[in-house]
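Have a go at each task before you read its solution.

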Amino acid sequence: MKVTEKDVTYVADLANLELTEQERGRMVRDLNSILGHVDSLSELDTSNVPPMAQVSDRFGLDDSKQGSERFAYASREDVHEGLRKSLPHDVALVNAPDSDGTFFKVPKVIER
Amino acid sequence: MDLRNLTIDAARSAVAKGKISATALAESFYAKIESDDPKIGAYLMLSKQRALAKAAAVDALVEKGEKLPPLAGVPVGIKDVMVTKGVRTTAGSKILGNYIPPYDCTAVSRLEAAGAVVLGKLNCDEFAMGSSNENSAWKPVHNPRDLTRVPGGSSGGSAAAVAADMAVTTLGSDTGGSIRQPASFCGVVGLKPTYGRVSRYGLIAFASSLDHIGPFAKTAKDAAIMLRTIAGRDPMDSTSADLPVPDYVAELDKPVKGLKVGVAKEYFGEGLEPETRSAIEGAIQKLASLGCEIVEVSLPHTKYAIPAYYLVATAEASSNLARFDGVRYGHRAQGARTLADMYRCSRDEGFGPEAKRRIMLGTYALSAGYYDAYYLKAQRVRTLLTRDFENAFKRVDVIVGPTSPTPAFKLGEKVDDPLAMYLADIYTVTANLAGIPGISIPAGQSKEKLPIGMQIFGKHFDEGTILRVAHAYEQAV
């Protein structure tokens with residue numbers, strides 16, 4: 001067993017989840033099953049293989065350009081209300097579970 | 001009007017010639033949905049007001065005798081992970097149960113600008129996480145070809161709606177096979193374009209480096225029309241590529257004779273059901289008879305795709321799903337005394353079991369002490385998997401194989417075994433990791449009359465060639 005109940009509690013805390021007793025037990029079982037399968041990756045020697053976070057720099061770009069120059073198309077001038085106007089207050093707040101018409105409202109942030 | 005086998009061109013031309021109004025066409029689709037969807041469960045929400053307003057606008061154009069756009073009056077459905085202004089969008093999750101988006105997804109706006117009529121929002125696995133649609137917080141989808149079986153996932157509603165003639169064409173999203181696998185299970189065409197080909201603006205994020213929007217359709221030609229409509233640079237998505245969009249429809253009729261078709265032995269190994277194997281081998285023979293040259297290629301790292309994929313995808317998901325905190329939108333738990341409690345209780349109540357499982361796995365893979373061993377390792381293996389394709393594509397134009405190792409499985413069959421469910425994606429996740437385009441097309445059926453799908457991979461931004469091969473195969477059978 002790689003993942004213990006204690007690990008699950010710690011990771012749930014990082015992920016802002018609480019999980020019930022039953023959910024935690026199941027999570028121990030499922031994470032161990034999946035990570036057991038994932039272990040096959042250690043068969044591969046990847047010490048000289050660069051990591052790949054995304055695919056956009058592998059194709060469809062001007063190869064004569066380097067670094068951020070290659071992605072120049074993806075940036076734009078930093079102008080006020082550049083691509084579209086910001087949502088008006090009332091629209092931005094319409095899905096809020098709680099608001100006072102100007103701000104989102106949340107429970108107390110700091111316990112005294 | 002007979003809605004069976006109704007293609008985009010047939011629907012548009014019926015509207016253009018005045019055989020049926022766009023309004024009446026939309027109404028007949030709604031009647032079909034009302035009668036058939038209760039047993040299938042493809043739709044989560046109908047957008048009648050919006051659809052009928054759009055249809056009326058198309059009818060007004062017809063009346064005035066004006067030139068009609070390419071999708072004029074064509075009824076479409078949208079997977080519920082794409083936001084639609086004023087129309088509830090839930091991503092199949094309770095945490096977004098009451099979310100009314102204030103803006104439209106770019107792909108949806110482009111369809112409507114081309115005259116399409118959006119009938120409603122389609123069922124899917126929660127946050128597009130699943131391979132059977134059983135992770136929808138609302139209801140499962142039943143496969144129209146056999147109601148005891150799953151439609152595939154995560155875009156199960158999008159596939160089922162096309163298969164059951166409850167939309168002419170639909171949009172889905174594909175992070176690890178979520179367009180291609182349900183297309184194969186339901187016997188329709190499903191296309192995942194190249195990463196960057198279609199804007200992701202307005203697609204509720206699951207794993208940003210792997211998420212793609214693409215069409216479901218009855219024919220390769222319809223998929224080509226859909227792609228031509230939604231593809232192209234969008235300033236609202238900085239990862240959308242700044243490359244011209246070819247006329248995919250015009251490319252369909254180019255000859256396939258002489259094309260080099262790769263077959264990777266790794267896609268025909270252990271776990272592939274014999275009936276599926278023989279159907280795909282038959283389809284490859286058919287391509288050979290059309291003059292394609294069949295070339296054996298190797299994608300040697302294929303067996304590492306699932307572990308690499310499930311680390312990368314869940315790591316990105318854990319980060320993307322952190323935004324659901326009960327503050328700006330979505331579900332908020334009642335009675336929490338502090339902000340931290342409110343976050344936790346809202347997320348605990350709002351997310352279903354699979355979303356929680358993936359958040360946990362991803363958070364674990366990114367946490368101190370495990371980052372190098374899991375997340376970084378998976379990213380390095382992603383490079384190897386991508387190189388496999390780059391090497392193979394030096395020798396061939398497309399690569400073909402099965403979309404899924406088995407036809408549609410039974411509802412409930414894999415719900416208690418997440419690993420078995422993940423392994424169902426074995427032939428599809430590689431295209432997401434490498435960002436290459438892939439299409440699934442119907443290629444026969446099993447003895448139990450379940451559809452079998454053939455997958456065709458292409459080079460980056462070469463959707464034209466995979467659509468051409470798909471079209472040629474379709475015409476030949």
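The exercises below go through the two chains and then their contact.

The model is predicted: local features need pLDDT of at least 70, side-chain atom pairs count only at pLDDT 80 or more, and totals for chains, interfaces and linings use all residues. Residues are numbered from 1 along each chain as its sequence is written, with chains lettered from A and ligands numbered from 1 in the order in which they are written.

**Exercise 1. Describe the fold and extent of chain A.**

Step 1: Start with the elements, where helices (H or I, at least four residues) and strands (E, at least two) are DSSP runs numbered from the N terminus. Chain A has three helices and zero strands, in the order α-α-α from the N terminus on.

Step 2: Next, take the radius of gyration, computed over C-alpha atoms, and the globule rule, 2.2 Å times the number of residues to the power 0.38. Chain A comes to 24 Å, while a compact globule of 112 residues would be near 13 Å. Its C-alpha trace spans about 55 × 55 × 25 Å along the principal axes.

Step 3: Finally, look at burial: a residue is buried if 20 or more other C-beta atoms, placed from the backbone, lie within 10 Å of its own. In chain A, 15% of the 112 residues are buried.

**Exercise 2. Find how S7(B) and S8(B) are paired and connected.**

Step 1: Strands S7 (residues 260-264) and S8 (residues 293-297) of chain B pair in the parallel sense over five bridges; pairing requires at least two DSSP bridges. B:Gly262 has B:Val295 in S8(B) as its bridge partner.

Step 2: Right-handed means that, with the strands pointing away from the viewer, the path from the first strand over the helix to the second runs clockwise.

**Exercise 3. Characterise the side of chain A that touches chain B.**

Step 1: Contact means C-beta atoms, placed from the backbone, within 7 Å. By this test, 47 residues of chain A are in contact with 59 residues of chain B.

Step 2: On this side of chain A, the elements giving two or more residues are helix H1 (5-14) and helix H2 (21-38) of chain A. H2(A) gives the most, with seven residues.

Note on methods: Contact = placed C-beta atoms within 7 Å. Nonpolar A, V, L, I, M, F, W, Y, C, P; charged D, E, K, R; others polar. Buried ≥ 20, exposed ≤ 12 C-beta atoms within 10 Å, placed from the backbone.
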